[in-house]
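Dear colleague,

I am passing on to you the structure we talked about, with its sequence, so that you can look at it beside these notes. Please keep it open while you read.

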Amino acid sequence: MLELKHITKKFQERVILDDISITFPDNGLIGIQGKSGCGKSTLLYIIGMLDQDFNGEILYNHEIIHDYNQFIKDHISYMMQNKDYIASLNVEENIILATQVSSLSYSKQYLEKLLKILGIHSLIHRYPSQLSGGQLKRVSICKAMLKQSSIILCDEPTGALHQNQAEEVMLQLQKLSQHSLVIVVSHEQALLKDYCDSILTLEKGKLIGELEYSKNNPIEPIKHRFYPILYYPIRQLIYQRNKLLFLFLFQWIVILAFFSIVTGMNGILDIINQSENNAVNAYIMTIEKKDNSYFETYIQNDMILNISYDYYLNALSFYNDESQVSSLISTLPLSTSHIKLSSGRLPTSNEEIIISYSLYQELAYPATLQLKYGDSEKTIEVVGVLEKDIFSTNEIYFLATITNDYPELKNDYTLVIEAKSTYTRELYQYLDNDYIVYSEVIERVDNYQSLLDIAKLVAYVFIGISFLFPYY
């Protein structure tokens, strides 16, 4: 039994949660609704011990919780809006990681069922960087469901899903609630009404509403199993091997020649910047609302060159001699003057594409590919190949007008923004105040800039030591 006693949360002078006391049942599906910004997610974070800056007490089975980490490991599963994945692991490894860290056994049959329900069965070998925001949300949902904890906390679990998928998720949560306490924060009042046992409203820092206490069906004991987790740090090292070797090489060069390495690092950063400036998506970023609601209209800003809704183009399938092609599928930006081709030309119709150099090599230089979607199939001509660069991955690019052919793939929850070339970073920082912003190019450059800054600092330390202890 989970109990909150006199929970109060303030931000500066604003009271977000005002002396909340409530006892939740051992099981059941509890919905929490309220206006955007009223503190619903904050309350969920406090219940899950992610936010410990509050006044009051949280009890479980009549005992005050002191060891937060152990409590989370034994009793909590999360479905949060924020990114809760590890970039070096694929979808399947991210999903099962929570159970393995908690030493809990899981059913492979149940995992297969969840993957099919959520529509991510074909994505299990992809990495987070290859998924859209909605797909990442479904991965988070699957991970929380697989763990089957006694308390499951869900922050907008259906926000980026289609109606059928949203209903399937709520149905699965309803089944889990027969043996677990499932707390759902959502703006989808109709779904809460159809599936929840009780609905509470958070208003002016208070929880309003009555809880129904059904028959206690405690969660079935989950078998514990020891999993060796040395595999994961090894995977992380392999995933970052280029960066680690890069840093190791720089450290030794610093010992031999300080000024040479500083010059070399600056040169490498210039190469990275030049490569990214030539990237197709150099000026592209995507935004989502922090409350996970959809965009009714485009946003306006003088730094924006072009704006459109995102589309689930990865639902399209490409084939080469009956073999499916694994690749990211995107549209070309409005401005194409920065794009460098090693051969060919840019597309002029929706039946033409350009591909990355790595995909060009992998496909053994095909002139055409077969595009399949649903029951339709058509031939797509490869008319150009991007120049090879250090970040080359399998990529396919259409003209932006391809989205007119597939209006059903429109994603109202994400906007794709093309910045004016001289305002890209400024626009990214501006939007980051009000939205969840993602730019592959900017974030990758920043990561490498941070790595190089660290290497420079190490170089200064080494050269300083050599000056202080010239004979050692």
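Which residues of helix 12 (residues 424–431) are buried? They are T424, L427, Y428 and L431, and because they cover an arc of only 105 degrees around the axis, they come to lie on the same side of helix 12.

Helix 12 lies across strand 11, strand 12, strand 21 and strand 22, and it runs at about 10 degrees to strand 11. These strands make up an open sheet of 4 strands, in the order 12-21-11-22, in which the pairing is antiparallel. Strand 12 (304–311) and strand 22 are the edge strands, each of which pairs on one side only, and from one strand to the next the twist averages 30 degrees.

Going through this sheet pair by pair, strand 12 and strand 21 are antiparallel and pair over 7 bridges, with Y311 standing opposite K410 in strand 21. Strand 21 (residues 410–419) is in turn joined by 4 bridges to strand 11 (residues 284–289), again in the antiparallel sense, and here M285 stands opposite I417 in strand 21. On to strand 22 (residues 435–438), strand 11 is joined by 4 bridges, also antiparallel, and the bridge partner of T286 in strand 22 is Y438.

A second sheet to look at is the open one of 4 strands with the order 2-1-4-5, whose pairing is antiparallel. Strand 2 (14–23) and strand 5 (63–64) stand at its edges with a single partner strand each, so one side of each has no neighbour in the sheet. Helix 1 (residues 40–47) packs on this sheet and touches strand 1, strand 2 and strand 4, while its direction makes about 130 degrees with that of strand 1. Within the sheet, strand 1 (residues 2–11) and strand 4 (residues 55–60) pair in the antiparallel sense over 5 bridges, and the partner of L2 in strand 4 is Y60.

As for helix 1 itself, 6 of its 8 residues are buried, so helix 1 is largely enclosed by the rest of the structure. The buried residues are K40, T42, L43, L44, I46 and I47. Helix 1 is followed by M49, which has a positive phi, near 70 degrees.

For the chain as a whole, the secondary structure comes to 13 helices and 22 strands, and 47% of the 472 residues count as buried. Among contacts between residues at least 6 apart in sequence, 77% join residues at least 24 apart. The chain exposes about 24800 Å², of which carbon and sulfur atoms supply 52%.

Finally, a word on confidence. The chain averages a pLDDT of 83, and 85% of the residues score at least 70. Confidence is highest in strand 17 (residues 352–355), at 95, and lowest in helix 9 (residues 241–256), at a mean of 66. Where pLDDT is low, the predicted coordinates should not be read in detail.

With best wishes

Methods:
Residues numbered from 1 in each chain as written. Predicted model: local features only at pLDDT ≥ 70, side-chain atom pairs only at ≥ 80, totals over all residues. Heavy atoms only, no water. Pairing = 2+ DSSP bridges. Helix = DSSP H or I, 4+ residues; strand = E, 2+ residues; numbered from the N terminus. Contact = heavy atoms within 4.5 Å. Axes fitted to C-alpha atoms, helices over the stretch in contact; angles between N-to-C directions. Buried < 20%, exposed > 50% of the residue type's maximum accessible area, 1.4 Å probe, protein only. Arc of directions from axis to C-beta. Areas by Shrake-Rupley, 256 points an atom, 1.4 Å probe, with all protein chains shown as cover. pLDDT = per-residue confidence, 0-100.
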